[in-house]
Amino acid sequence: MRVLVAGGAGYIGSVVTAALLEGGHEVTVLDDLSTGHADAVPSGARFVQASLHDSAPVLADVRPEAVLHFAAKSLVGESQVKPEIYWDTNVSGTLALLEAMRAADCRRIVFSSTAATYGEPEQVPIREDAPTRPTNTYGATKLAVDAMLTSYAAAYDFAAVSLRYFNVAGAAYGLGERHTTETHLIPIALQVVAGRREHLTIYGEDYPTEDGTCIRDYIHVEDLSDAHLLALTAPSPGEHRIYNLGNGTGFSVQQVIDAVREVTGHPVPVEVGQRRAGDPAQLVASSDRIRADLGWTPKHTDLAGIVRDAWETAQK
C-alpha cells in the first residue's frame, strides 16, 4: 500500500514509518521539521519537507492510498499561552490535509488523537464514550479534528480512525524520544541520570493514591505502532472509529522513578513541587473496544522493560 505519514520525522511517526516499511508498504514522509528530525526518517522512506498547509502538491504527486497523521503541536503549556499556533497547525493544517486527500482521491486516514480530549475523567479506566471536556487548547484542537473526521466520513465517505493515546514511552527500531522541549516523565528522568538535569520535580505528593503521586497509563511505542497498522484497513468508507490506546494498568510517578533507578543503577534526585492545575490524580485507559474490534493487546506491559528500551536507545 502507498502510505503518506504526516509527521513521520517525529518520535511516534518515525517508529510507525519503520513498521510500515518492514511490512512492505511504500512510504512517503511529510514533515516540516519544526519539531521532528530528518535523521529520524527511516531509510527506505521518501522524505518531503513541507507543512500540512502545503500538502496538496505532495499528495497530488504521491497519490497515497492511506494517510497516517501525526503532525501536530503538542505542548500543553504552550497551547495555553499561544493558542493561535495550535488552532492554525492542528486544526487549519488538518483541514488542508483532508482537502488535499479529497483532491488526490485518498479517503483513508488514521489520526493521532489524545487522551487530553477527555479532560478530568469521571470514571477510571476511561472508555471512549466518556464525556469529552478538554481542559487545555491542545486537547480542544485534537477534539476538533475528531469532529472534523466524523463530518468527512459522513459527507465524503472517508474511512477514518482516531487513536487516543495515553502516555507513550519506550523505543523501537532504534528510535526513541527526542524533543527539543521535553515534558514526558521517563525521558526527563533519564536526562537526570545522564547528567543533563540536576533533579526531577514531582508535582504533588498528596494525591489520593497509594504513594501520593499521580497515576498514569504508559503504552510502549511498539504496541502503539501495531495498533496503527491494524487500524489502517479497519474502517469502511463512511465510518469514523475512535479507540483508546493504553496499557490498561496505571503506574505512579514514584513507581516510574523507582523503575528508572532500578534499570540504570543511578540515583535520580527528586524535588517535590506544588500540584499543577488540572492534573487529575489518575488517568488510565480502557482499551476494550480496540481489543474487541481489531484484536489489539499490548505486549509490553512491564514498566521496567519500557524504561530499559528507552534507556538503551538514549545511550546510543
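**Exercise 1.** Is the crossing of helix 8 and helix 10 right-handed or left-handed?

*Solution.* Begin with the basis of the work: this is a predicted model, in which local features need pLDDT of at least 70 and side-chain atom pairs count only at pLDDT 80 or more, while totals for chains, interfaces and linings use all residues. Residues are numbered from 1 along each chain as its sequence is written, and side-chain values use heavy atoms, with hydrogens and water left out.

Step 1: find the elements, remembering that helices (H or I, at least four residues) and strands (E, at least two) are DSSP runs numbered from the N terminus.

Step 2: take the axes, which are lines fitted to C-alpha atoms, for helices over the stretch in contact, with angles running from 0 to 180 degrees between N-to-C directions. The axes of helix 8 and helix 10 come within 9 Å and cross at roughly 60°, which makes helix 8 oblique to helix 10; angles under 35 degrees count as roughly parallel, over 145 as roughly antiparallel, 65 to 115 as roughly perpendicular and the rest as oblique.

Step 3: decide the hand, which is left-handed if the near helix is turned anticlockwise from the far one by less than a right angle, and right-handed if clockwise. The crossing of helix 8 and helix 10 is right-handed.

**Exercise 2.** Describe how helix 1 and helix 7 pack, and name residues that make the contact.

*Solution.* Step 1: helix 1 (residues 11-22) packs against helix 7 (residues 221-231) at an angle of about 60°, with the axes 9 Å apart, and the two helices are therefore oblique to each other.

Step 1: the contact (heavy atoms within 4.5 Å) includes Tyr-11, Ile-12 and Val-15 of helix 1 together with Val-221, Leu-224 and His-228 of helix 7. By class, this contact has 9 nonpolar, 2 polar and no charged residues.

**Exercise 3.** How many residues of helix 6 are buried, and what covers them?

*Solution.* Step 1: buried means under 20% relative accessible area, exposed over 50% and partly exposed in between (1.4 Å probe, protein chains only). In helix 6 (residues 185-193), 9 of its 9 residues are buried, among them Leu-185, Pro-187 and Gln-191.

Step 1: the cover of these buried residues includes strand 7 (167-169), strand 8 (200-203), strand 9 (215-220), helix 8 (253-264) and helix 10 (303-315).

Methods: Nonpolar A, V, L, I, M, F, W, Y, C, P; charged D, E, K, R; others polar.
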